[in-house]
Amino acid sequence: MAISLTKGQKISLDKESGQALSKVIMGLGWDAAKKGGMLGGLFGGGGGPIDLDASCVLFGEANKVIDTVWFKQLKSRDGSIRHTGDNLTGDGDGDDEQIIVDLSSIPANVTSLVFTVSSFTGQSFDAVDNAYCRIVNAANQQEIARYTLSNQGAHTAQIMAKVYRHNNEWKMHAIGESVNGRSIEQLVPLITPFL
């Protein structure tokens, strides 16, 4: 059974999944907020599509950026992390974007992976409903942990979670910090204080 994470919580991915993990999926889902109820939707007051983007930054020693995976670079240079593609609306059920991480192939010089979500179009999170990120065991599609992004507000991005090596196992830290930025290029300097 998946654990529901709270801001700041840390877990061992292997212990929560009950097995040593080799490949995980970071899934991101969201919906456009409904504005003004049914009448608002009938008369043009609906939320409209929201283009959120999931991204991953690979960090090494001394918080050095080694690589990034996002909609402009769908695969890490070493091939261990792959983004499944950009969803421009958040329509549909389930994950809207996924980043697949082959933990067994991540180079030894990578100490942590930080996952972010940002509004490329600059809409604030006030326009977003039902946003979440989750970690899934790719081998059996079992959800290990879920973090609900409950912070609506004027921010345009969130630093969601960090997956990191500790004593030869992978752990996850739910960060959940609200920041402003439209792409991973703008977010990288904002991530460093949370490493």
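In this predicted model, Asp-67 forms a salt bridge (a side-chain nitrogen of Lys or Arg within 4 Å of a carboxyl oxygen of Asp or Glu) with Arg-77, the closest N and O atoms being 3.1 Å apart. Asp-67 lies in strand β5 (residues 65-69) and Arg-77 in the loop between β5 and β6 (81-83), so the pair ties together parts that are 10 residues apart in sequence; strands are DSSP runs of E, at least two residues long, numbered from the N terminus. Asp-67 is buried, at 5% relative accessible area, whereas Arg-77, at 64%, is exposed, where buried means under 20%, exposed over 50% and partly exposed in between, with a 1.4 Å probe and protein chains only.

Residues are numbered from 1 along each chain as its sequence is written, and side-chain values use heavy atoms, without hydrogens and water. Local features need pLDDT of at least 70 and side-chain atom pairs count only at pLDDT 80 or more, while totals for chains, interfaces and linings use all residues.

The count of salt bridges comes to four. One of them joins the side chains of Glu-177 and Lys-7, at 3.1 Å from N to O; Glu-177 lies in strand β12 and Lys-7 in the loop between β1 (3-4) and β2 (10-12), so this pair ties together parts that are 170 residues apart in sequence. Another joins Glu-143 and Arg-134 at 3.0 Å, N to O, and salt bridges that share partners link Arg-134, Glu-143 and Arg-146 into one network. Glu-143 is partly exposed, at 22% relative accessibility, whereas Arg-134 is buried, at 18%.

Technical notes: Helix = DSSP H or I, 4+ residues; strand = E, 2+ residues; numbered from the N terminus.
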